[in-house]
Amino acid sequence: MRTCLKASYVIGFNGAGHELWQNGEVVFSGDRIEFVGRNFPGAVDRTVDYGHALICPGLIDLDALGDLDSTVLTLDNGNRLEMGRMWSEEYLERGPWETYTEEEERFKYRYAFTQLIRNGITTALPITSMYYRQWAEHYQEFANVAEIAIELGIRAYIGPAYMSGISYVRRDRSLGQFWDEARGLAGLDEALRFCRDFDGSGNGLIRGLLAPDRIETCTPALLERTAAASAELNAPVRLHCCQSVYEFEMVKRLRNTTPLGWLERTGLLNARAILPHGIYFSGHPQVSDPSADDWQRLTASEVSLVHCPAVFARSGGALNSFGRYRAAGINLGLGTDTWPPDLLHNMQIGLYIARVLEGDSTQTSTADMFNAATLGGAKALGRDDLGRLSAGALADIVVFDLKGAHLGPFFEPLKNLILAGRGSDCRASYIGGRCVMEDFQVGATDSAALQAQADRQFAKLMASHPSRAFGQPPLERIFHPVFPWAEAAGGC
């Protein structure tokens with residue numbers, strides 16, 4: 001079936017960059033786009049006119065929230081050492097356990113993938129937390145994740161995360177590291193089995209991803225074997241790196257080099273590497289190495305950095321700066337990482353923070369942010385058929401409604417959306433030509449039931465925090481309301 005989508009605005013791709021069509025059309029058949037522009041000369045089987053709307057390429061989330069996000073629990077709730085997002089020595093000695101049942105693990109991905117689709121994200125590299133797990137992720141879990149992704153229709157680069165160690169809080173409140181290299185290597189073996197079994201499944205919706213958890217939780221052998229496997233399978237490696245001063249100093253102490261220096265040494269600093277978040281490296285004023293070695297490593301390599309501005313701004317951190325990295329030729333993509341799973345929200349915050357840090361409005365543009373969420377993400381994945389609307393590209397297409405009063409007086413589609421829009425303005429989504437969302441509804445999803453289950457499951461996660469927290473404080477000492485409860489007036 002040949003389908004024609006129409007709207008008042010279309011963001012097409014001319015071979016060099018995005019361009020804006022007024023009263024445009026996108027025509028596709030099967031999973032491929034045939035035409036972008038006006039007045040398609042051929043016959044079509046179906047036409048959908050979205051009216052005052054923006055048709056654009058599906059957004060690519062390189063660090064997609066795949067969880068019931070626990071990062072939000074840190075908002076004004078004190079140090080993570082005190083609140084159970086880091087294991088205490090007592091918890092480690094008792095033997096860690098899984099917070100969720102297998103069915104609850106399945107549900108968190110169903111919830112997360114549904115939310116990503118609702119926000120105009122068509123390609124996702126999901127990320128989840130490890131602190132509430134017994135250790136890391138496993139093969140069967142991701143066989144379930146692949147099944148859910150295929151059912152909902154989202155394009156997903158996935159594979160079980162693996163690690164050789166974890167940081168914990170000692171009884172004297174210092175930080176220690178617990179290592180189990182055999183478990184990490186076994187996790188890599190499961191990830192490789194998953195990639196071989198599932199890469200290309202769901203008519204290409206599922207692609208294999210190697211996902212060592214964090215650079216500081218991996219041993220040299222684990223990273224070296226990951227690099228070799230990535231080269232053999234031509235699979236991307238997504239590895240959280242340069243995201244904290246603690247990580248930088250720990251890697252330097254353990255490996256006698258910086259995190260980026262260690263990636264270079266292990267063979268991972270290449271075009272298949274996708275690195276969230278790329279903030280703290282040598283030369284940063286908060287780390288102990290004043291050299292420019294890491295900047296030279298970054299600019300000489302072909303790695304992609306994943307900018308996740310919202311999650312860092314929430315705790316007072318920022319990439320310094322987006323315009324500087326882009327001008328140096330570093331490929332930048334975007335990631336949500338936290339709630340809300342909204343790349344428009346991250347484009348807005350990223351734009352504002354970049355301009356504050358750069359001291360003007362000329363180094364980072366609205367186009368730069370949108371390019372990161374589309375073309376930058378596609379380049380990171382080695383794909384020239386994603387992140388653009390052009391003949392021959394995959395029909396990953398989203399439609400943002402432009403009629404919302406919250407957008408204010410209309411003057412330009414993308415500027416209105418990034419200034420005042422939100423991901424939930426996404427009205428329709430087509431992934432590989434399949435309509436996975438229409439009129440703001442994802443398939444046959446029961447939104448109310450989905451949200452009710454998410455609320456119950458999140459309450460269970462919160463209730464598990466005292467068991468891991470240093471000193472096992474009661475729940476009310478871990479999570480604080482913005483203002484104190486007025487108990488005498490019936491507060492709870």
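Me: Which residues does leucine 263 touch, leaving out those up to four places away in sequence?
Reply: Keep in mind that this is a predicted model. Leu263 is one of three residues, with Leu275 and Met347, that touch the most other members of the largest nonpolar core, a set of 105 residues. Skipping those up to four places away in sequence, leucine 263 touches Ile215, Leu223, Leu239, Cys241, Leu268, Leu269 and Leu275.

Me: Is glutamine 115 buried or exposed?
Reply: Glutamine 115 sits in helix H3 (residues 102-118). Beyond its neighbours within four places in sequence, glutamine 115 is in contact with Trp339 and Pro341. The cut-off for buried is under 20% relative accessible area. Glutamine 115 comes in at 8% relative accessibility, so it counts as buried.

Me: How much space lies in the largest cavity?
Reply: The structure has four cavities of 30 Å³ or more. The largest is lined by 13 residues, with Pro126, Glu137, Phe142, Gly159 and Arg238 nearest its centre. The space in that largest cavity is about 70 Å³.

Me: How many charged residues are in the lining of the second largest cavity?
Reply: This cavity holds about 60 Å³ of space, and its lining includes His277, Cys308 and Phe312. Sorted by class, the lining has eight nonpolar residues and three polar ones, while the number of charged residues is: no charged residues.

Terms used:
Residues are numbered from 1 along each chain as its sequence is written. This is a predicted model: local features need pLDDT of at least 70, side-chain atom pairs count only at pLDDT 80 or more; totals for chains, interfaces and linings use all residues. Side-chain values use heavy atoms; hydrogens and water are left out. A nonpolar core is a set of buried Ala, Val, Leu, Ile, Met, Phe, Trp, Tyr and Cys residues joined through side-chain atoms within 4.5 Å. Buried means under 20% relative accessible area, exposed over 50%, partly exposed in between (1.4 Å probe, protein chains only). Contact means heavy atoms within 4.5 Å. Helices (H or I, at least four residues) and strands (E, at least two) are DSSP runs, numbered from the N terminus. On a 1 Å grid over the protein atoms alone, a cavity is a set of points where a 1.4 Å probe fits but cannot get out, and a pocket is an open set with protein on both sides within 12 Å along at least five of seven lines; lining residues have an atom within 4 Å of a point. Grid points are joined across faces, edges and corners, and a volume is the space filled by probe spheres set on the points. Ala, Val, Leu, Ile, Met, Phe, Trp, Tyr, Cys and Pro count as nonpolar, Asp, Glu, Lys and Arg as charged, and the others, Gly among them, as polar.
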